[in-house]
Amino acid sequence: MKRVLVTGAGGFIGSHLVSYLKKRGYWVRGVDIKYPEFSETDADEFEILDLRRWDNCLQATRNVDEVYALAADMGGMGFISSHHAQILYNNALINFHTLEASRINGVKRYLFTSSACVYNEELQREANIRPLKEEDAYPAMPQDAYGWEKLISERLCIHYREEYGMQTRIVRFHNIFGEKGTWEGGREKAPAALCRKIAIAKLTGNPEVEIWGDGEQTRSFCYISDCIEGIYRLMQSDYPEPLNLGQDRMVTINQLADIIAEIAGIKIIKKHVNGPQGVRGRNSDNTRLREVLGWEPQVSLEEGLRVTYQWIEEQVRKKLESQKVLSTAK
Ligand code: NAD
């Protein structure tokens, strides 16, 4: 039985990945600084370890064949645009130590989870933007410290393969969303934040929903089950360069809100307020993804949002009931 480590296994993508790998028959160790918030872990072993520390990385990577490196200090635009020092410091320590400890412990395959935030900000100044190809990361000009750290950790993975022969894989996610992800507290991303706001609008009867900026900024959004399938396929492949993983259907944030409101079955009034928006436009060019994996994400935005919205509405309902904003009487 192959033994794998998933770091960040207490987080959104990590907890889904652990369940997927267990179903495929792997022995899985999960590591994080916290347990999964929304369900029990399926991991065979789960260790609470701070991976900024070298000794903890040595412990985490012992006796495994493969490592899926997902641990990161991260969040949505609100968090990323206001914690540059913390993000760069923490994530550089996590990724440098995890990769080197994996080498020392003889790990054969290593998958690093990078981000579309590595792309050159100059190419993302318009809402109606050309989709980003993998080579668009250079010349380097990411918008935030989060993207700079991802780019330098990508480089480290490439050099470890070239100089130490370690099989490293690098995936660049484009806005992954789904159930059992952070939906409140300041680290949530746009799809979860909008699902929460629209669920509150529905349950309280106040149709006003705040949107950061004019809402005309564009993104593509990829559902969690496609993300997990793509990660797994890339790990099995022999492709060593960074690869986009996302949907290539671009929508505005206003359109995203409209789709969610329709799923919720309510009419909303959008209130545009000041807030961090990130780059103006971003989309994934999936040409190489299709070539390399012979596959691309399958779940439509509407299908993915339907499941995500139902789950978030349930969380919001429980919270409002506990705060006595809603009556628990049926
Ligand atoms: P997440 O925040 O839900 O999961 C990250 C996990 O890392 C958290 O559970 C957190 O507790 C853990 N962590 C943080 N600091 C740690 C430390 N010092 N030691 C050990 N664990 C630590 O985020 P996610 O959405 O599941 O993201 C997983 C990976 O994918 C991250 O590397 C992230 O940067 C990358 N990514 C995600 C997206 C997305 O849309 N969700 C987009 C691009 C890249």
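I began with the pocket rule: on a 1 Å grid over the protein atoms alone, a pocket is an open set of points with protein on both sides within 12 Å along at least five of seven lines, and its lining residues have an atom within 4 Å of a point. A volume is the space filled by probe spheres set on the points, with grid points joined across faces, edges and corners.

Ground rules for my notes: the model is predicted, so I kept local features to pLDDT of at least 70 and side-chain atom pairs to pLDDT 80 or more, while totals for chains, interfaces and linings use all residues. Residues are numbered from 1 along each chain as its sequence is written, and side-chain values use heavy atoms, with hydrogens and water left out.

**Entry 1: second largest pocket**

I read about 270 Å³ of space in the second largest pocket. Its lining counts 16 residues, and the closest to the centre are Ser-15, His-16, Ser-19, Tyr-20 and Lys-23. I then looked up the helices and strands, which are DSSP runs (helices H or I, at least four residues; strands E, at least two) numbered from the N terminus. Both α1 (12-23) and α7 (224-236) supply at least two lining residues, and α1 has the largest share with six. For classes I took Ala, Val, Leu, Ile, Met, Phe, Trp, Tyr, Cys and Pro as nonpolar, Asp, Glu, Lys and Arg as charged, and the others, Gly among them, as polar.

**Entry 2: the ligand**

I found 26 residues around the ligand, with Ile-13, Asp-32, Tyr-146, Lys-150 and Ile-176 coming nearest; here a residue is near if one of its heavy atoms lies within 4 Å. Next I checked polar contacts (pairs of N or O atoms within 3.5 Å). A polar backbone atom of Ile-13 sits 2.8 Å from a ligand oxygen, and a backbone N or O atom of Ile-176 is also 2.8 Å from an oxygen atom of the ligand. On the side-chain side, a polar atom of Asp-50 lies 2.8 Å from a ligand nitrogen. The protein buries 93% of the 810 Å² that the ligand exposes when taken alone; I used Shrake-Rupley areas with a 1.4 Å probe. Two or more shell residues come from each of α1, β5 (109-115) and α5 (145-164), and β5 gives the most, three. The shell divides into 13 nonpolar, seven polar and six charged residues.

**Entry 3: the cavity**

A cavity is a set of grid points where a 1.4 Å probe fits but cannot get out. Asn-95, Leu-99, Tyr-110, Phe-112, Ser-153, Leu-156 and Cys-157 line it. α4 (84-104), β5 and α5 each give two or more of these residues, with α5 supplying the largest share, three. Five of the lining residues are nonpolar, two are polar and none is charged.

**Entry 4: α5 and some backbone angles**

I followed α5 along its 20 residues: it reaches 28 Å from first C-alpha to last, close to the 28 Å expected (1.5 Å times one less than the number of residues). Just after α5, Gly-165 has a positive phi of about 75°.

Most residues other than glycine have a negative phi, and most peptide bonds are trans. Lys-180, in the loop between β7 (176-177) and α6 (190-204), has a positive phi near 65°. The Tyr-138 to Pro-139 peptide bond is cis, with omega near 0°, and Pro-139 lies in the loop between β5 and α5.

How values were computed: Polar contact = N/O pair within 3.5 Å; in protein donor to acceptor, adjacent residues only side chain to side chain.
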